[in-house]
Amino acid sequence: MRNSAKAIIVKDKKLLAIKIQENGGTYYILPGGGQEHGENLHQALERECKEELGVEVEIGELIFVREYIGKNHEFAARHAHAHQTEFMFLCHVHHNTFINGSNPDKGQIAVEWLPLNDLLEYRLYPQALRAHLISYFDSGKATIYVGDIN
C-alpha cells in the first residue's frame, strides 16, 4: 500500500496535466506521485511537481481522495498487486508555460492546459475523475472521497 499526492492546478478554466506517450498511445495524468518514506504529503507533492513541472507549487486544500486497487482496473494484468491512496490537492502556480522538470515521468512528453469545458474529450486518468473535476469547478462542491474509480 502506498500513498500518492496529486496537484489539481486550474487557471483560466484550464486544468494543468502531464501528457504521456507510451505503448503507442497518448494520455494525460495529474502532476504528482508517490510519497517517500519520511515525507509528508505536502513535501511529496512539492518534490514531484519540481521533478515533473520544474516549478514550485502553492498547495491549498485537499479536495479529492481516490483509491486505486489495481486488480479492478483497465491495467489489472500489470497492476494486480497495486493498492494506492491518492490525495489530490488544489494547487496554484505562478507560471503559464512549463518545461519538463529534473526527473519527468516515464513517457512524459509535455505539460498542457486542458480546457475544463472539454475535459470529457481527453484521455485523462483516472477518467471517472473528469466529471468530479467539472462539477467541483462549476459548483465549488465535491464529494471528497471518490473511492476506487477508473
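Me: Which residues form one aromatic cluster?

Reply: Good place to start: this is a predicted model in which local features need pLDDT of at least 70, side-chain atom pairs count only at pLDDT 80 or more, and totals for chains, interfaces and linings use all residues. Residues are numbered from 1 along each chain as its sequence is written, and side-chain values use heavy atoms, with hydrogens and water left out. Rings of Phe, Tyr and Trp (its six-membered ring) pair if their centres lie within 6.5 Å; planes under 30 degrees apart are stacked, those over 60 are edge-to-face and the rest are tilted. One aromatic cluster consists of Phe64, Tyr136 and Phe137.

Me: How many aromatic pairs does this rule give, and what kind of pair do Tyr28 and Tyr122 make?

Reply: The rule gives 4 aromatic pairs. Tyr28 and Tyr122 have ring centres 5.6 Å apart and planes at 85°, so their geometry is edge-to-face.

Me: How many residues apart in sequence are the parts that the pair of Tyr28 and Tyr122 ties together?

Reply: Helices (H or I, at least four residues) and strands (E, at least two) are DSSP runs, numbered from the N terminus. Tyr28 sits in strand β3 (residues 25-29), while Tyr122 belongs to the loop between β7 (108-115) and β8, so the pair ties together parts whose separation in sequence is 94 residues.

Me: What angle lies between the planes of Tyr136 and Phe137?

Reply: Tyr136 is buried with a relative accessible area of 11%, and Phe137 is partly exposed at 29%. The two form an edge-to-face pair, 5.0 Å centre to centre, and the angle between their planes is 85°.

Me: What separates the C-alpha atoms of Met88 and Ser4?

Reply: Met88 is part of strand β6 (residues 83-92) and is buried, its relative accessible area being 0%. Contact means heavy atoms within 4.5 Å, and beyond neighbours within four places in sequence, the contacts of Met88 include Lys6, Ile8, Leu30, Phe64 and Leu129. Met88 and Ser4 are 84 residues apart along the chain, yet their C-alpha atoms are separated by 8.5 Å.

Me: Which residues does Glu51 touch, not counting those up to four places away in sequence?

Reply: Glu51 is in helix α1 (residues 41-53). At 16% relative accessibility, Glu51 is buried. Its contacts, with residues up to four places away in sequence not counted, are Gly101, Ser102, Asn103 and Pro104.

Me: What is the phi of Asp12?

Reply: Asp12 is placed in the loop between β1 (2-11) and β2 (14-22), where Lys13 is also found. Asp12 is exposed at 69% relative accessibility, and Lys13 is exposed at 64%. Lys13, a residue other than glycine, has a positive phi near 60°. Asp12 is not a glycine either, and its phi is positive too, at about 50°.

Me: What is omega for the peptide bond that joins Tyr125 and Pro126?

Reply: Pro126 lies in the loop between β8 (124-125) and α3 (129-139). The bond joining Tyr125 and Pro126 is cis, with omega about -5°.

Technical notes:
Buried means under 20% relative accessible area, exposed over 50%, partly exposed in between (1.4 Å probe, protein chains only).
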